[in-house]
Amino acid sequence: MTRIPKPSGRKIRDKGHKLSRRPLNVRDLSPRFLIVCEGEQTEPNYFRCFRVNADIEIVGTGCNTLGILECAKQRRREARRRDLEYDQVWLVFDRNGFPEQDYLITIHLARQENINVAYSNEAFEIWFILHFSYLDTAVPRSQYADILTRHLGSYQKNQPDLYEKLLSCQDQAIKNADKLLNSYLPDHNPAKDNPCTTVHLLVQELNRYLR
């Protein structure tokens, strides 16, 4: 099991990636996802392109790490008050210069709440890069756009067609992301493992429900 150092000063217990379950509702047999993103456009644009037999609510917050966790918890509470339940709740966020303690605490507290995490160090675009090559050397996020431009011919943050452009290489990206994540074992630390991403875990879950 991946071990994440627990931030000092707080007693936090890691419960792992337990997915929430809800009673079968004859009115709605499709699984329900809540995906709360740190970014307001890039990540939501990408995940909205998945054509799945599922009910997916995607929120781009523009908040920091702890802010998106609170947003996810609030939306889940509101759904439960309406006698609804999400089958899976995900946070999508970057290391991206946020304080190390906030980053790690968000991961721990999310897992305590049975909320899954799709994090990237340093930024979400590392997931895009892994579609083309295995990258295990830290590269400043300011260079991510140049790397993607070399592969795609052009790249602009928030462009809406990235899912389609990257789809043919998605299987390779999943393999590269998994290999990269495992390369940091046994002393895995999401705040220091650069580059690294777990976006592929969310992608794999969504792919289970492709039309």
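Trainee: Is Cys-196 buried or exposed?
Mentor: Cys-196 is buried, its relative accessible area being 0%; buried means under 20%, exposed over 50% and partly exposed in between, with a 1.4 Å probe and protein chains only. This is a predicted model, in which local features need pLDDT of at least 70 and side-chain atom pairs 80 or more, while totals for chains, interfaces and linings use all residues. Residues are numbered from 1 along each chain as its sequence is written, and side-chain values use heavy atoms, without hydrogens or water.

Trainee: And how accessible is Cys-63?
Mentor: Cys-63 is partly exposed, at 33%.

Trainee: How many disulfides are there?
Mentor: The count is zero, a disulfide being a pair of cysteine sulfur atoms within 2.5 Å. For Cys-63, the nearest cysteine sulfur belongs to Cys-71, 6.4 Å away.

Trainee: Back to Cys-196: what stands opposite?
Mentor: Asn-121 stands opposite Cys-196, which lies in β5. Strands (E, at least two residues) and helices (H or I, at least four) are DSSP runs, numbered from the N terminus.

Trainee: How do β4 and β5 run?
Mentor: Strand β4 (residues 116–121) and β5 run antiparallel, joined by two bridges.

Trainee: What is the strand order in the sheet?
Mentor: The open sheet has the order β2-β1-β3-β4-β5, with mixed pairing; strands pair if DSSP finds at least two bridges between them. Its edge strands are β2 (55–60) and β5 (196–197), each pairing on one side only.
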